Every structure is written in structure tokens, then in C-alpha cells.
Amino acid sequence: MKIYKMLLAGREFSFETGRIAQQASGSVLVRYGDTVVLTTATASAEPREGVDFFPLTVDYEERLYAVGKIPGGFIKREGRPTEKAILAARLTDRPCRPLFPKDFRNAVHIVTTVLSVDQDCPPDVMSICGASAALSVSHIPFDGPIGAVLVGWVDGRPVINPTQEEAEESRLHLVVASSRDAIMMVEAGANELSEEEILEAIMAGHEANQEIIALQDKMVAEIGVEKMSVEPFTPEEEIAAQVREFVAGRINAAIRIVEKKEREATIDAVREETVMHFAENYPENERDVLVAFENLLKETMRNMILKEKVRPDGRSHDEIRPLSIEVGLLPRTHGSALFRRGQTQVLNVCTLGAPGDVQRLDGLGLEEYKRYMHHYNFPPYSVGEAGFMRGASRRDIGHGALAERALLPVIPSQEDFPYTIRLVSEVVESNGSTSMGAVCASTLSLMDAGVPIRKPVSGIAMGLIKEGDELAILTDIQGIEDFLGDMDFKVAGTKDGITALQMDIKIKGLSKDILYRALKQARKAYLYILEKMTNVIAEPRPELSPYAPRIFIMHIDPDKIRDVIGPGGKMINKITQDTETEIEIEPDGKIYIAAVNPENGRKAMKIIESLTRDVEVGEIYIGKITRVEKYGAFAEILPGKEGLIHISRLSHEHVERTEDVLNIGDETPVKVIGIDERGRIDLSRRAAIPNEKGEMIEEEMLPRREAKREFKKEERRGHPNHNKKRRRT
């Protein structure tokens, strides 16, 4: 067993290997504070047959015992990964994937199991470090190591791996993964930071990563093993030359077709024709022909951009495709918008719900619920394919989370806007950067719904083509530029600063200068889109949709909550059924009433007000008779509050039977004449109505014993043997 330690942001950080999971190709126990994760990396012995991609799988396994919880539900064990676990797996995958050999086809499986969580030490970031360390000490070919840290922004400066207390004050949540020389991956949510501040935070993270990389270098020097050999595949020179001669002109023409479907169909037809042409002379060299074709396709597009300064659809490097913006498309939804940029089209729908519609979370973090959600759907028809739709993919979850993060800083607080907010982005057409299209469509949909967001947000995706010292930074990349390019850098923000970042690369990292240029160019682009959006809808609508619920807020004494709920929830259920509302009661006495019809909401408020009002002695109420007895009648004067009208107080005249004056269901004015120490209410009808002279009498509450004696006197007075002497038997 070997343990390698260092201090990272004032807390002990260590890699331990040689004790756990020894049959994996590489395994490392990562400790940071009291956070402990086990990360393993395993590779198959042989390449996977029939695949033309690198089969890497990353799983991030959350265990609720890590935070001392037992899973909910009947099964009581962890089920499918949570959204946070999927996002953490993607976070580990993205900086590692570009560092494997290009022609490596062996299946690789990285698994991070979270064993213990200290909320001050993020396990998802530790997973990246653990994956790098496990790969580096194993026989799996990996051009690492890399390090990763979380960077916050507190008091105008970057903070490495902020504590929970610091994170609450931070304007930034930035994950930076980097190698010795360059940035590999950036993922961030920010509260309107400038490009300079973002760049300073990225470089602070890159600098902190060097210590983690140095610790891994020490591990590799002491316990690293020889790597598997990977033979890069290069097509035979003669075949590559013949393919170039046969097809170069047609590839050049096909790439310049502007319409995506036509361009893809033409390239596919040229590819198939090329394979068939060489099949007779080189029947056993189909792979050489295909690789030579793909290399030529990539080279042609990249040379067009770098040397001719023009892109496949004829745009310049910083030009944005034509925009089309509509709002209010769907009549019955609370808010809707359709955003089109070139051949990328996103329909977003906003739905407003009651506070009780929040999403409950059962994970390793401190967050228990979400009141603002963004869901992203990418159906096969959006790219003209026939496929299967079986729930949200990892990509759907990742893109949805990015758009959600971009808008989070402008969402109003629950105190200002007490609604649960759900946004759904339906990608109905795709040709690059649908996640940033979802950001734009979401902003428009929120404003159409009347949600008082602080500022509108837009986003753009940037690309990169780099060959040696030559490079081109591309604004608003389309699909082919993403597929054959070197970077997908998504930037979202308001007019005052950046709110979200995500960078994926295919090369071995980016320099500070390239990052800064990309950020500056991105800001110019998303501000242009923002202007076009605000020309269509400049601010949130003043009124909500008539189909959205209206939420009424009231406060009651917490001691009165039980009166509103009633025994077994009987009272609250009756109110919601009678008024067609949804009612949420907070422990502090705050009550949210959601009603599509405002009159129903006001009606529910009145009922609750009457339930929580205190009965006051001397006040006159309209009582509804609920029970009739020989000695009097019981009347409900407020919801759930009953009092006794003694028979002697039913009328100014003598009453023989209660039913002679009142019956069940009757309503009558009554006066509260007293409340005893047990909370029982005494009522008088005769004190609430004038006598035959038109006078109102005053009446006092009798003690309960005296009241009983009065009843017995009244009873005897009406008995036929009242005046006869009773005999003892």
C-alpha cells in the first residue's frame, strides 16, 4: 500500500493505492478532508471489433451511506443514477477522453464510487483526479496526468475548492481540469462575471492543478507500469494518393453545400461511390479507403477555414447564422417561444406551478428540493433520423443542466415570485449548438409567461480550428464544424456578464490567449443575439397567462396550523375540494394558496382566516346548528369552532323543547358570553336578538355546575309531577 499526500487549499489531499480493488487495471482511493472516493479504471484485453470510435464508459456511483442516509421508497437501495451523478460522470469523461490514443479501440471503464462526503470537499471534482491517477498508474495508454479543482469567486478574487460557507458567498462555481501545459475542460455557472474575471479564475485553477499533477507524477515514477502498445493506423500511401486524386474535387464541392441534409446526403453518396470504386482493385483494404476519405474530408474543411477564410456555409469566422424569434405560439401553455438560428430550432415551454410542485432530491448534497427546473429533449427527428425515444439520455441531462445554470442567476427568488418554474426545451431541428438555442428560447418563454426575470440571457457556441500556429476561432458553429473541429466552447450571459460556460476539446489543451480571444468573441456574439431577442419581447409580460395559477400568500400563527389542517387532514382537504385550490403550509405559518380562478383563491383565504380567528367574548356571530340536545343546541360560529346555546338562553320566553326553536341546519345570530378554562364556548341566542320591547339584554356565562342546575330546574318545571312531593322508596 502506498499513500501520497499534499495540502490543497489548506486541507489534506491524498492518493492511496495498493490496498483496495487490486484486480482493476488501476485503482486509487482519493481522500480530501473527509470526502473519500474510490476510482477504478479497467480496460479490455482486446480491441472491440467493428467499432470506429473509442468505447469509453464512465460511471459515478453515489452511495447514500456516504452522508448517513438510507434511500427512500420500498426497495431501500440506490436505483438508477441521479441527475447529479450523471453530470459528475460527464465531468470526469470530458477531460480524460481526448488524452487516449486516437486509434485505441479497447473498451475502458472508469468507475467512481463515493464512500464518504464532506460537504466542504466536492466528490465530483475528486472523481476527475481519481480517474487520472488510476489511468496513470495502470497499463492503459493515457497521455496524462491531469488535475481538477473547483474555483469560486469571493470578495473579488478566485478561491480554490471553497468551503460550504464560502460557496454561499461565491459568484462563481467553476470546475477547471488541466494538464501540465493547457486547459482541458471548463464547466461553470457564474453570477455575471466579466471575461477578465472568468479568465483569472480559470488560470488560478490551472495553477492549483499543477500540484495535483506533480503528486501523480511521483506516483507514476514509483509504482507505474508499462503501458499497452497501440499501433496507430495509417492508410497505405498509394491508396491515400489514389483516393485524393479520385475524390478531392467532389469532397470540396460537397462541403460547400449550405443545406445540412443535402450536404450530408452528398458526402454519403461520394463516400459510398469511393468505396465501391476501389473495392475491385483493393478488396482487402476497405479500411484504408475509408480512413483516407475521412482524413481528406477533415483536411478539406479545415484548409477552407484556415486558408480561404471561409466556412462551409459561406460565412466569415465571426458571422452568426440568420435568426428567427417568436413568442406566444401555444395558446394554453403559460409561456412559449420558438428560437431559430440557421438550421437549429428550439421550442421552449414555461409552466408555473404551486410551491408544492418542487422537485424533491434524494442525493449526497445539502439541497433538498428544486423550484426551478430545465429539461431538454433531443428527439431523432431533429436530425432527420428514425430512432428510439427511451427517456432522457446523458446528453439530454447535461445540455439541460447547462441551460438551467445559465438562467439561474436571473430567476426571481421565491419571496418575490412564489412559483415553481419548469422549462422544457424541445429541439425540433438541429445543426449545432442546441444547448445555447435552449438558453435563448428559455429566456423568451419566461418573459412570455410573465416571470419577472432580472435580465434576459442569451448564449452562443464557439469553435476552433488549429493546425500548428494557424488557428481560427469560429462563432456559432454548425454540426460539421463541431464534428471536424477542435473545440466546442459554449458561453451564456447577460449584458452585464457571463452566467455559464462549458468547454469540450479534442486536442491536448488550450492556452490562455486562445481562451481569452474565444471569450471576447463569444461576448460580442451573444450580445448581438440578445439585442434581436429584446426587439421581439423587451421585458416580461405584466400579467401571467389566464391559465397559470394565481398564488396568494398569507401568514397565520404557527399554533393555528392544526386548526387549518384538522384531524387527519380533514379540514385542509375539504377547503381544497370546495375551492378547487392547492394549499401549502410552511412550519412558520406561511401559507401558499394556488388557484387558476382568483375568486377561488380569495375564498380559500377567507375560510382560513375564519379558521384561525380567535372567538371573542361579547361578539355576535351567525351560528349554524350542528347538533340538538334536550339541554340546548350546538352551533358552529366559525369553521371548526362550536359553542353551546343552553335551552334557557334560546329565547326571551320559556322553551319546553329545543326543537321548538332550533333544528339542525338552522342559522341564527348568537352572542359569545364566555369561554371556560378548557376552551368550551357558551353562546346565547336571546342576548343576540331584541326582546318584545326591542331591547338587547346583557347576559353572563354561568359556571358549568350552575348551568346544569338551571337545566334541571327547567326540566322539572316542565314535568307533570313538578309540584308533587317525591316519595322515598
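Reply: This is a predicted model. A place to begin is strand β2 (residues 11-17), which is joined to β3 by 4 bridges, the two running antiparallel.

Me: What makes β2 and β3 count as a pair?

Reply: Two strands pair if at least two bridges are found between them. β2 and β3 have 4 bridges, so by that rule they are paired. Within this pairing, phenylalanine 13 has tyrosine 32 of β3 as its bridge partner.

Me: How do you know that β3 also pairs with β4?

Reply: The same test applies: at least two bridges are needed. Strand β4 (residues 35-47) is joined to β3 by 7 bridges, so the two are paired. They run antiparallel, and valine 30 stands opposite valine 37 in β4.

Me: Why is β3 described as largely enclosed?

Reply: A residue is buried when its relative accessible area is under 20%. In β3 (residues 26-32), 6 of the 7 residues are buried, so the rest of the structure largely encloses this strand. In the protein chain as a whole, buried residues make up 52% of the 729 residues.

Me: Why is valine 661 called partly exposed?

Reply: Buried means under 20% and exposed means over 50%, with partly exposed in between. Valine 661 has 26% relative accessibility, so it falls in the class between those limits. It is located in the loop between β27 (641-646) and β28 (667-675).

Me: Which residues does valine 661 touch, leaving aside those up to four places away in sequence?

Reply: They are Leu650, Val655, Asp666 and Arg685. As for alanine 633, it is 28 residues from valine 661 in sequence, and their C-alpha atoms are 9.7 Å apart in space.

Me: What share of the contacts joins residues at least 24 apart?

Reply: The share is 69%, counted among contacts between residues at least 6 apart in sequence.

How values were computed
Residues numbered from 1 in each chain as written. Predicted model: local features only at pLDDT ≥ 70, side-chain atom pairs only at ≥ 80, totals over all residues. Heavy atoms only, no water. Buried < 20%, exposed > 50% of the residue type's maximum accessible area, 1.4 Å probe, protein only. Contact = heavy atoms within 4.5 Å.
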